[in-house]
Amino acid sequence: MGKIIVQGNKNGQKIDIACSNLVMGAGDFLRVDNMDFAGAVLDQYFALGGNVFDTARHYRHSEKAIGAWMEMRGNRDNVIIQTKGGHPVREASDVPRVTPEVIYEDISVSLEMLKTDHVELFALHRDNPEVEVGPIMEALHKEVETGRVYAIGLSNWELPRIIEANEYAVTHGLTPLSFNSPNFSLAKVNRPRWENCVSANIEMIRWHEKTNLPLFSWSSQAGGFFSGRYTENDKTDTEMVEVYYSDANWERYKRAKELAQQKACTPIQISLAYVLTQSFPTAAVIGPENETELKSSVAAAGIHLTQSEVDWLDLKA
């Protein structure tokens, strides 16, 4: 698998954080009581060259499980942790929770669960447009200054707010954004898969092309839309139907199958290669829960697509 560079800051010095372009996502299999199985999958990902683990304070078990795995393996110095905070609590999912106080609280708990004194990458899991960007960016900057975070990013923020936040940081001499983490996949969503989630639209893509800011895509394989499990006539999975079923996406799937035949791979591998073959740095959060799924994703990361193939898959040609 390939690498992308995220700019960070450690002890007041600028650093390059070399991240694998496949990021191990935090599935429900990541539990401390399941470490014989989960640990083996993490070991295999690590052995194949992966080094970034995506988790969040909102996720039920994964921070604690990743912390236990790093402690057992003694490999903390070789692991890059991306965790997230500022997600609404489960009991009040419609109430925004993005404030300086929440940022400090969530990072503190995350570090305790992960059994570490810092995370390389920290992103806000959600936005609250009613809160000014100034106090938010100042709080994130403070976490970098104290050494608890090396690089900051945003997840599920709309582009105008991202630009406003970054411009505030630059203007006031604060830590700028080092990455953005929206949904980005070959299949385009009809509606957000989860409440208040953001998918990269054409304007956001153009901004990444202009700034060269790394993009970490979640749901990079569109919930398995290209896996062959779904057909146009099978509408039993309501969420998949509402989010991904469209004439345009079925045409993308048709083209992915055609290109997969030419390259002796699978459509879902083509869809992952699409995410990783952009004109700006991208990484894809993947969710393998066994060795077979992991090796499929690693193989996909090695598939070369030309720009004309990327455009053709996305119905631009």
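Modeller: A salt bridge here is a side-chain nitrogen of Lys or Arg within 4 Å of a carboxyl oxygen of Asp or Glu, and the model to which this rule is applied is a predicted one.

Biologist: What makes aspartate 314 and lysine 188 a salt bridge?

Modeller: Their closest N and O atoms are 3.7 Å apart, and because the rule asks for a distance within 4 Å, the pair counts as a salt bridge. The pair links distant parts of the chain, with aspartate 314 in the segment after helix H11 (307-313) and lysine 188 in the loop between strand E8 (179-181) and helix H6 (202-211), 126 residues apart.

Biologist: Why is aspartate 314 called buried, and why is lysine 188 called partly exposed?

Modeller: Aspartate 314 has 9% relative accessibility, and since buried means under 20%, aspartate 314 counts as buried. Lysine 188, at 25% relative accessibility, lies between the cut-offs of 20% and 50%, and therefore counts as partly exposed.

Biologist: What makes the contact of the arginine 161 side chain with the backbone oxygen of asparagine 128 a polar one?

Modeller: The side chain of arginine 161 reaches that oxygen at 3.1 Å, and because the limit for such N or O pairs is within 3.5 Å, this counts as a polar contact.

Note on methods. Residues numbered from 1 in each chain as written. Predicted model: local features only at pLDDT ≥ 70, side-chain atom pairs only at ≥ 80, totals over all residues. Heavy atoms only, no water. Polar contact = N/O pair within 3.5 Å; in protein donor to acceptor, adjacent residues only side chain to side chain. Helix = DSSP H or I, 4+ residues; strand = E, 2+ residues; numbered from the N terminus. Buried < 20%, exposed > 50% of the residue type's maximum accessible area, 1.4 Å probe, protein only.
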